[in-house]
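Please look through the charged side chains of the structure shown here and consider how they pair with one another. The paragraphs that follow take these pairs in turn.

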Amino acid sequence: MGRNRCFSQYLLNVGVLNTDNIGEMLIKSADAIPQLHIIAIQQHLLSEAQIDELSGLTDGAKALEENKMLTDSQIETLKKAVPNRDACIAQAVLDEKIADLKRIDQCFRTYDDDELHPIRDAVKEILNKYRGVNPVEDIYGEYTEMLIGALQRFMHTDAVVMPAYIEPDTDGTHFVSQGMNGQVALAAAIMAKDRVFLDLANRYSDETLTEVDELAQDSLAEFINVLNGLYIVNLSGRGLDMDLDMPRHGQNVSPVASSMITARVVTDFGSFVLYLAEDEFVF
């Protein structure tokens, strides 16, 4: 699937955003409409001098056109461009005065380094909090990166991984898991409170489910199954053969497994807990 693009995660990792405001900023970014100068900065079309000129103006997009900072052809291309999530979070950050245009430009330029993996870096931070957990290569980071991509693709939400250890609150939660076995062993699960679990199920199924019933459980089980199917196809391209177990569901459970870690994933409609382990969860 290639490297997942997650500018929100990068902004969190480098401290532009923080654990206190990331949830609110994801919500705001979902409704943000990137202006022309933000898209131009994202595409590295403006010089430092031009960005300095636009900084502090109330209408940078208007100034961009009136001051002929780009050609007519470039302006028309920008107007026809479909903004992506990276531009949306950048616009929200600017609107909330969390960072100025120069900082946003600096972040976009650093972020475009192909060696960067913001989500994997967040998972490494989590792993540093655990003793005796050393998964094969970067398997937990790779999987989480694919999960975030799947949330963007199937759930139509931006999402980030909180780079810190958490102790999950399992009361009033639903748990969907699936194990993968073969040359690499991995189990993954999503645990969420009723509302977020239902939102995930609705977004994936494109239905209007009103309670966490068997249909909602099956929807999230299918999501996990599709995600894991994509993941083992990706591994098969590296000569690693794996098989999928049947998805499982539980309520108010406290799972245990070998080399288990937990990570909080924040979306623009709430958060849930991702569990990763080297064998199937016992609950």
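A residue is called buried when its relative accessible area is under 20%, exposed when it is over 50%, and partly exposed in between, with a 1.4 Å probe and protein chains only. This is a predicted model, in which local features need pLDDT of at least 70 and side-chain atom pairs count only at pLDDT 80 or more, while totals for chains, interfaces and linings use all residues. Residues are numbered from 1 along each chain as its sequence is written, and side-chain values use heavy atoms, with hydrogens and water left out.

A search of the whole structure finds 15 salt bridges, each being a side-chain nitrogen of Lys or Arg within 4 Å of a carboxyl oxygen of Asp or Glu. One of them joins Glu-145 to Arg-120, with N and O 2.9 Å apart. Because Glu-145 belongs to helix H10 (residues 139-154) and Arg-120 to helix H9 (residues 118-127), this pair ties together parts that are 25 residues apart in sequence; helices here are DSSP runs (H or I, at least four residues), numbered from the N terminus. Both Glu-145 and Arg-120 are buried.

Another salt bridge links Arg-195 with Asp-199, whose closest N and O atoms are 3.1 Å apart. These two residues both lie in helix H11 (residues 194-205), four residues apart, or about one turn of the helix, and Asp-199 is partly exposed at 23% relative accessibility.

In the salt bridge between Glu-125 and Lys-129, the closest N and O atoms are 3.9 Å apart. Glu-125 is partly exposed, with a relative accessible area of 38%, and Lys-129 is also partly exposed, at 46%. Finally, Glu-24, Lys-28 and Glu-96 are connected in a network of salt bridges.
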